[in-house]
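Dear colleague,

Please find below the structure for your files. My notes on it follow directly after.

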Amino acid sequence: MPSPSPDTAGYGGDTCCVEVRTPGGTALILDAGMGLHWLGRSLMEGAFGSGQGQAHLLLTHTHWSHIQGIPFFVPLLIAGNQFTLYGPGEGEPLQDAMRQQLHPIYCPVPNFFNDQVGATVRIEEVEEGDLTIGDAQVKVRRVNHSPGSTCFAYRLEAGGRALAYIPDIEYSGEADRRPALELAHRVDLLFHDAHCGDGCQHAGCGHSSAAQAVALALEAGVRRLALFHHHPERTDQEIDSVVAAHQQRGLVVEGARQGQVYKMSRKK
Ligand SMILES: [Zn+2]
Ligand SMILES: [Zn+2]
């Protein structure tokens with residue numbers, strides 16, 4: 001859940017949303033948590049403000065903390081903008097999940113997923129596999145997270161750089177590490193779930209700890225690890241302690257900070 005508080009103002013208390021811009025100008029957005037609202041505010045200053053924006057929104061799954069920014073994402077209200085929304089559609093069709101979230105009993109804003117209002121939104125249910133979106137190569141892998149809900153994680157490559165995005169994963173055995181290792185293999189930047197405390201013994205909680213994220217990153221040869229998707233009650237001070245406790249030689253470990261920009265220059 002979002003956790004706005006003076007104690008979380010440093011790293012930020014909104015739920016997951018990461019914008020990626022490729023060298024070719026492809027705009028990708030990973031997850032649509034409450035951070036999406038603030039991303040929308042900044043996008044409105046560019047092409048999206050005049051209905052000329054185009055972006056690809058990749059959802060890992062449809063748990064609230066990954067979709068609740070959608071009703072508050074102003075670029076969706078602007079006719080002419082074009083979005084493609086990707087996500088898992090097993091169990092519940094993705095289109096239905098999106099429409100239901102915007103049902104007027106939950107939400108007063110127009111239902112962007114009905115064709116008459118706002119931006120054009122194309123919904124694409126995806127499966128495990130590889131996609132090409134603009135100049136980005138995208139790997140989609142299923143990860144162990146929560147029974148009854150398919151959860152994906154992603155790897156994006158463009159301009160010779162790679163990042164992996166694994167916000168929700170539980171490692172209940174070696175098999176659960178395989179897709180994560182594949183996605184994170186030698187990436188420049190890994191965003192990884194750090195929800196649990198290191199001593200968490202709660203099997204089935206659906207998440208992982210900073211220690212597990214670091215172990216995965218070291219094995220996969222990651223260069224930089226951004227810990228995120230923290231427990232909502234974790235304070236800035238506690239995140240500082242988690243980061244300090246997990247420093248490693250040969251791997252940059254940090255807490256992902258709301259609004260932070262990572263520049264990954266094109267490989268020469
Ligand atoms: Zn989840
Ligand atoms: Zn989550």
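The domain bounds used here come from an automatic or database domain assignment. On that basis, the protein chain of this predicted model is divided into domain 1 (13-126) and domain 2 (160-257). Their C-alpha centres are 26 Å apart. Contact between the two involves six residues of domain 1 and five residues of domain 2. On the domain 1 side, these comprise three nonpolar, two polar and one charged residues.

The largest nonpolar core has 70 residues, among which Leu190 and Leu227 touch the most other members. At least three residues of this core come from each of domain 1 (13-126) and domain 2 (160-257). Beyond its neighbours within four places in sequence, Leu190 is in contact with Leu163, Ala164, Ala184, Ala217, Val222, Leu225 and Ala226.

I also examined one sheet. It is open and mixed, with seven strands in the order β6-β7-β8-β9-β10-β11-β12. The edges are formed by β6 (129-133) and β12 (252-255); each has a single partner strand, so one side of each lacks a neighbour in the sheet. From one strand to the next, the twist averages 20°. Strands β6 and β7 (residues 136-142) run antiparallel and are joined by five bridges. Isoleucine 133 has alanine 136 of β7 as its bridge partner.

Helix α6 (residues 236-245) lies across β11 (224-228) and β12, and runs at about 170° to β12.

Yours sincerely

How values were computed
Residues are numbered from 1 along each chain as its sequence is written. Chains are lettered from A and ligands numbered from 1 in the order in which they are written. This is a predicted model: local features need pLDDT of at least 70, side-chain atom pairs count only at pLDDT 80 or more; totals for chains, interfaces and linings use all residues. Two residues are in contact if their C-beta atoms, placed from the backbone, lie within 7 Å. Ala, Val, Leu, Ile, Met, Phe, Trp, Tyr, Cys and Pro count as nonpolar, Asp, Glu, Lys and Arg as charged, and the others, Gly among them, as polar. A nonpolar core is a set of buried Ala, Val, Leu, Ile, Met, Phe, Trp, Tyr and Cys residues joined through C-beta atoms within 7 Å. A residue is buried if 20 or more other C-beta atoms lie within 10 Å of its own, exposed if 12 or fewer, and partly exposed in between; C-beta atoms are placed from the backbone. Two strands pair if DSSP finds at least two bridges between them. Helices (H or I, at least four residues) and strands (E, at least two) are DSSP runs, numbered from the N terminus. Axes are lines fitted to C-alpha atoms, for helices over the stretch in contact, and angles run from 0 to 180 degrees between N-to-C directions.
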